[in-house]
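Student: I am new to this structure and would like to examine it step by step. May we begin once it is shown?

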Amino acid sequence: MKFLLLSYTPADSWDGDSADAPSEEALAAYQEFEKELRETGEFVTSEGLGHPVVTTTVRKTAAGVVATDGPFAELKEVLASFAVIDCVSLERATDIVTRMVDVLGEPMEIRPIMGDDFAA
């Protein structure tokens, strides 16, 4: 079963000028998790996301569809990165993410990906 892992960071600690530079310690810790998941065959992909200041939101309004600069809403935490893993259960995904959060210190969200095995 595939799971989307969403990693959040406090909005006030993410400076738009340095958004593309994670700490060396955090990057090294994440790379260890990724290496382990590659070895077990559970890693699918992961990417960091652009800073909210470069976000574009597209929404439908009474005047039509409008694209605006900036995130959908003002947030205390912002989505910083995502990963996709493919593992046997939500329990396994929770185990993986629990270890990541313990080391990295920032909250993560686990979302099942609704593929062919979603109802399994």
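**Helices and sheet**

Tutor: Helix α2 (residues 90-104) lies across β1, β5 and β6, at about 165 degrees to β6. Contact means heavy atoms within 4.5 Å, and angles run from 0 to 180 degrees between the N-to-C directions of axes fitted to C-alpha atoms, for helices over the stretch in contact. Helices (H or I, at least four residues) and strands (E, at least two) are DSSP runs numbered from the N terminus. This is a predicted model, in which local features need pLDDT of at least 70, side-chain atom pairs count only at pLDDT 80 or more, and totals for chains, interfaces and linings use all residues. Residues are numbered from 1 along each chain as its sequence is written, and side-chain values use heavy atoms, without hydrogens and water.

Student: In what order do the four strands form the open sheet?

Tutor: Two strands pair if DSSP finds at least two bridges between them. The pairing here is antiparallel, and the order is β2-β5-β1-β6.

Student: Which strands stand at the edges?

Tutor: An edge strand has a single partner, so one side of it is left without a neighbour in the sheet. The strands in this position are β2 (43-48) and β6 (108-112).

Student: Which residues of α1 are buried?

Tutor: Buried means under 20% relative accessible area and exposed over 50%, with partly exposed in between (1.4 Å probe, protein chains only). The face of α1 turned away from its buried side carries exposed residues, including E24 and R38. The buried residues of α1 are A29, F33, E34 and L37.
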